[in-house]
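The stops below may be selected in the order given.

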Amino acid sequence: QVQLVESGGGSVQAGGPLRLSCAASVRTFSNYHIGWFRQPLGKGREFVAAISWSGGNTDYADSVKGRFTISRDNAKSTVYLQMNRLKPEDTAVYYCAADRVPSRTSVLRTRPDLYDYWGQGTQVTVSS
């Protein structure tokens, strides 16, 4: 069982930064790829970024490339999402999710239905 807790959300003006954290309670954090997803009000959940179990592989949605950076600290069982140059269209509830990878593959998945565990989400609001 994996428990994920997101933090760091809030309100920010367009162009500003925010840093989200995803803290995991799990025996072996390095058995999991971690993804960030977001869900704007009234819309479906969409992929934002993902990082492999080792941190050696990352993937980003085109809409956030060059602005967001995902990283992880396995010693702290925590994944971070640094969000810079935020735009009003980034407004959403942000979720982190864990994808168990027993074979230690580096292949990252972008479909939310393929992730095994989810946090409760944190709201990010960007005003223009």
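In which loop is R85 found? Select R85: the residue is found in the loop between β8 and β9 (92-100), where strands are DSSP runs of E of at least two residues and helices are runs of H or I of at least four, numbered from the N terminus. This is a predicted model, in which local features need pLDDT of at least 70 and side-chain atom pairs count only at pLDDT 80 or more, while totals for chains, interfaces and linings use all residues. Residues are numbered from 1 along each chain as its sequence is written, and side-chain values use heavy atoms, with hydrogens and water left out.

Phi of R85 is near 50 degrees, a positive value in a residue other than glycine. Most residues other than glycine have a negative phi. R85 counts as partly exposed because its relative accessibility is 47%; buried means under 20% relative accessible area, exposed over 50%, and partly exposed in between (1.4 Å probe, protein chains only).

Next, select S77, in the loop between β7 (68-73) and β8. Phi of S77 is near 50 degrees, again a positive value in a residue other than glycine. With a relative accessible area of 14%, S77 is buried.

Move on to T78, which belongs to strand β8 (residues 78-83). At 9% relative accessibility, T78 is buried. The side chain of T78 reaches the backbone oxygen of K76 at 2.8 Å. Beyond its neighbours within four places in sequence, T78 is in contact (heavy atoms within 4.5 Å) with residues including S21, F29 and D73.

Now display the aromatic side chains. How many aromatic pairs does a search of the whole structure find? The search finds six; rings of Phe, Tyr and Trp (its six-membered ring) pair if their centres lie within 6.5 Å, and planes under 30 degrees apart count as stacked, over 60 as edge-to-face and the rest as tilted. Y32 and Y117 form an edge-to-face pair, with 6.3 Å centre to centre and 70 degrees between the planes. This pair links distant parts of the chain, 85 residues apart: Y32 is in strand β4 (residues 32-39) and Y117 in strand β10 (residues 117-118). Y32 is buried at 6% relative accessible area, whereas Y117 is partly exposed at 22%.

Then select F37, F47, Y95, Y115 and W118, which form one aromatic cluster. Finally, select R19, whose charged end sits over the ring of Y80, 4.0 Å from its centre.

Conventions: Polar contact = N/O pair within 3.5 Å; in protein donor to acceptor, adjacent residues only side chain to side chain. Lys NZ or Arg CZ within 6 Å of the ring centre and 35° of its normal.
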